[in-house]
Amino acid sequence: MQAKTKKRTVTENGDGGEDLVLATSIGNGEDLGPIVRHAFEMGRPEALSHQLKNVVKKKEVEIEELCKLHYEEFILAVDELRGLLVDAEELKSELSSDNFRLQEVGSELLLKLEELLESYSIKKNVTEAIKMSTVCVQVLELCVKCNANVTEGRFYPALKTLDLIEKNILQNIPVKALRKVIEKQIPAIKLHIEKRVNSEFNEWLVHIRSTAREIGQMAIGQAASARQRDEEMRARQREAEEQSRSGLGDCVYTLDVEEIDEDSILKFDLTPVYRAYHIHTCLGIQDQFREYYYKNRLLQLKSDLQISSIQPFLESHQTFFAQIAGYFIVEDRILRTAGGLLSANQVETIWDTAIAKMTAVLGEQFSRMETASHLLLIKDYITLVGSTLTRYGYQVGPLLEVLDNSRDKYHELLLEECRQQMVDVFANETYEQMVMKKEYEYNMNVLAFHLQASDIIPAFPYIAPFSAIVPDCCRIVRSFIEDSVNYLSYGGHMNFYDVVKKYLDKLLIDVLNEAVLKAIHSPTTGISQTMQMAANISVLERACDLFLRQAAQHCGIPVRSIERTHASLNARSVLKTSRDEAYHALLNLVNTKLDEFMQLTDNINWTTEEAPQNVNEYINEVVFYLETLMSTAQQILPLDALYKVGSGALDHISNSILSAFLSDSVKRFNVNAVMGIDNDLKLLESFAEDRFQSTGLSEIHKEGSLRDCLIQARQLINLLLSSQPENFMNPVIREKNYNALDYKKVASICEKFKDSPDRLFGSLSSRNTKQNARKKSMDMLKKRLRDFN
């Protein structure tokens, strides 16, 4: 029957395939939208509607068939449902009676329940009221505590209280009015705290600026004390070295170490800064405070860097640099302890600003100064400032460069001061040997400069070989070395010995040597003064080694290293040259004086008829002068210089005797005049030999004597008195007996020699055979000399 139905359904539908697809889609619950859209797009909505109706008919048929298939089961279900309705009615009746009884019993309970609920509501309200009151009381207590902290200046606890109220309690305050009041007051309190803290910080700014100078002075004082300890240690080292060199005893070295905590000594209060920065950090505006701090401190620094126009820089430089040093000591402490208030870059920036200004001020002020001691005073303080700030990590190289660049000017000023001192010393010089009556005078003027000839203390009174100018000049040089080392020490160079040596050479050459040369060539300087000056130069020349050792000691250079390298000053050779020039000037003065005596040879009778029995008058004057000269020179000059003076004087006399024979005023002379000169020459030779032996010159000059200085005059006299003067032309004899004579001079002198008295009919006087032979020999010599020339 079912099959028949299906068959009939298929045959009734015109388009069974499409209906089947549509029915399948509907049965599967698919979306019919695409099918409907497609039908309308194809213009066939009627066909779709027809298909849908066919599907509906098919479903109705299926429902109808299903009902026919299960109609018995439906009938049984309806019967059961009717029985169930009867049971429900019975149950409903029972429930109604039970409900009535329950209502009667629960009405009283309901009244009690309402009373209980009302009680619970009241309790809840009271509890909430207590809780709200507790919160309000707690908030108010915190507010009171905050106010008390603010009043007492305990800002950090006050801010912590405000923060607690704001973050944890404010939103839980049940009373809206109270909450609004507190919300309004919190920013006001924070602003009040900020103002209070800023006020305290501003007071600190004023205070720290006024105390920065004291801080700087105290720190610089510590640096000065440390430097003093270093200098004392070096002094002990130099003393030990001197004792070691002189072999006076063993040396015991000790090392003193003293640790000093600058922070414990330099006490200044930074609490307002820490507090202000901490409070601003708590307020969340720490960057604002950092900028405020940096800006105000930078303004203070710029003000501190202004030079006073009222006070001279020499008087104000200490306060100026102490103020700056104190400023940067404070900034260093802030950098290290304030927890990020200052950055290292900020400190470096303000230091660069300060160092640029300080170097500019120093350069300008140094260029104006005209006194070496002023430069040294400021330099010493600058190096102390540099040493102080270096301990705090600041780079002070540019400051030291300014000092280094000014060293030439300082030494020029120092040299000028020494030049003036030298001028005063030479102006007051008496050119007399120093006489020391007491041992302290000997220690002060001789031992202090190692000028002693022996380590044995002499008997007093002691007559020194030099005059007062020598120790005076040594003191000036020693002071110059100390001042030079003082300027160069603690600067940018650790080893400045070569620089001190250079300036020391300049002092000795350009100042001392120039003063010596000026004194030598002064028209007022006599023979004794020149002689004493030559002796002084010899001592000063030896003292150059002492000056070099003193420079090395002050520079911290071991003296043994200087001695090992055989280092010396250029000034020593310059002074040696000046000493030779002094000897030359001395000989010129002596020769000038001798020329005055030798002019008396004009009074000699060159054609005397009789042979003189005594010396000529002039020679007595000459010998007396030579005795005085040699005695004075022996007391003042060393033996080699004494020999130079004596030999120079005698050589000049010998030349003067030849010059007398060659003089145009002497037209002719005879043998008697020559014999008179021979007597003079014998007296001189006797004097020369006696002085050569008595003065000790014979011990240092083994190969020659003072007598040899008269060799030219002696050979001439011997030639003129020779029985065979023509032997002069014999090379062997001439080399042996007349090697000091010049051909032309001998020829000129021999042309004037007439072996007969200058009197009337002198040519007719009788002559013995010996005289005739000598005359013939002389004539032969004259002829051969004329032929030779």
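These notebook entries record what I looked up in a predicted model.

**Entry 1. Helix α18 against helix α19**

I began with helix α18 (residues 497-520) and helix α19 (residues 527-554), whose axes lie 11 Å apart at an angle of about 170°. An angle over 145 degrees counts as roughly antiparallel, and α18 is therefore roughly antiparallel to α19. I then listed the residues in contact. From α18 they are Y497, V500, K501, L504, L508, L512, V516, A519 and I520. From α19 they are M533, I537, L540, C544, F547, L548, A551 and A552. Sorted by class, this contact holds 16 nonpolar residues, no polar residue and one charged residue.

**Entry 2. Helix α22 against helix α24**

Next I took helix α22 (residues 617-636) and helix α24 (residues 671-694), which pack with their axes 10 Å apart and an angle of about 15° between them. The two helices, α22 and α24, are therefore roughly parallel to each other. I noted the crossing of α22 and α24 as right-handed. On the α22 side the contact uses Y618, I619, N620, V622, V623, L626, E627, M630, S631 and Q634. On the α24 side I found I677, D680, L683, L684, F687, R691 and S694. The classes in this contact of α22 with α24 are ten nonpolar, four polar and three charged.

**Entry 3. Helix α13 against helix α17**

For helix α13 (residues 372-390) and helix α17 (residues 469-488), I recorded axes that come within 9 Å and cross at roughly 35°. The crossing of α13 and α17 is left-handed. L375, L376, K379 and D380 of α13 meet D483, N486, Y487 and L488 of α17. I counted four nonpolar, one polar and three charged residues in the contact of α13 with α17.

**Entry 4. Aromatic pairs**

I returned to Y487 for its ring. How many aromatic pairs does the model hold? The count comes to 22 aromatic pairs. In one of them, Y410 and Y487 are stacked, with 4.3 Å from centre to centre and 10° between the planes. Y410 belongs to helix α15 (residues 407-427) and Y487 to helix α17, so this pair ties together parts that are 77 residues apart in sequence. Are Y410 and Y487 buried or exposed? I found both Y410 and Y487 buried.

F661 and F669 gave me an edge-to-face pair, at 4.9 Å centre to centre and 70° between the planes. Both F661 and F669 are buried. I also traced a cluster in which ring pairs link F201, W204, Y277, F289, Y292 and Y293.

I looked up two residues for their partners across the chain. R196 sits in helix α7 (residues 176-246). With 28% relative accessibility, R196 counts as partly exposed. Its C-alpha atom is separated by 9.2 Å from that of V150, although R196 and V150 are 46 residues apart along the chain. Leaving aside residues up to four places away in sequence, I found R196 touching V150, T151, G153 and F155.

Q599 lies in the loop between α21 (570-598) and α22. Its relative accessibility of 53% means that Q599 counts as exposed. From C-alpha to C-alpha I read 8.6 Å between Q599 and A660, which are 61 residues apart in sequence.

**Entry 5. Backbone exceptions**

Most residues other than glycine have a negative phi, and most peptide bonds are trans. Which residues does a cis peptide bond join? I found F460 and P461 joined in this way, with omega about 5°. P461 is in the loop between α16 (439-445) and β2 (462-467).

H450 also has its place in the loop between α16 and β2. The phi of H450 is positive, near 55°, in a residue other than glycine.

Y431 is not a glycine, yet I noted a positive phi of about 55° for Y431. Y431 is placed in the loop between α15 and β1 (433-436). Is Y431 buried or exposed? Buried means under 20% relative accessible area, and Y431, at 15%, therefore counts as buried.

Definitions and conventions:
Residues are numbered from 1 along each chain as its sequence is written. This is a predicted model: local features need pLDDT of at least 70, side-chain atom pairs count only at pLDDT 80 or more; totals for chains, interfaces and linings use all residues. Side-chain values use heavy atoms; hydrogens and water are left out. Axes are lines fitted to C-alpha atoms, for helices over the stretch in contact, and angles run from 0 to 180 degrees between N-to-C directions. Helices (H or I, at least four residues) and strands (E, at least two) are DSSP runs, numbered from the N terminus. A crossing is left-handed if the near helix is turned anticlockwise from the far one by less than a right angle, and right-handed if clockwise. Contact means heavy atoms within 4.5 Å. Ala, Val, Leu, Ile, Met, Phe, Trp, Tyr, Cys and Pro count as nonpolar, Asp, Glu, Lys and Arg as charged, and the others, Gly among them, as polar. Angles under 35 degrees count as roughly parallel, over 145 as roughly antiparallel, 65 to 115 as roughly perpendicular and the rest as oblique. Rings of Phe, Tyr and Trp (its six-membered ring) pair if their centres lie within 6.5 Å; planes under 30 degrees apart count as stacked, over 60 as edge-to-face and the rest as tilted. Buried means under 20% relative accessible area, exposed over 50%, partly exposed in between (1.4 Å probe, protein chains only).
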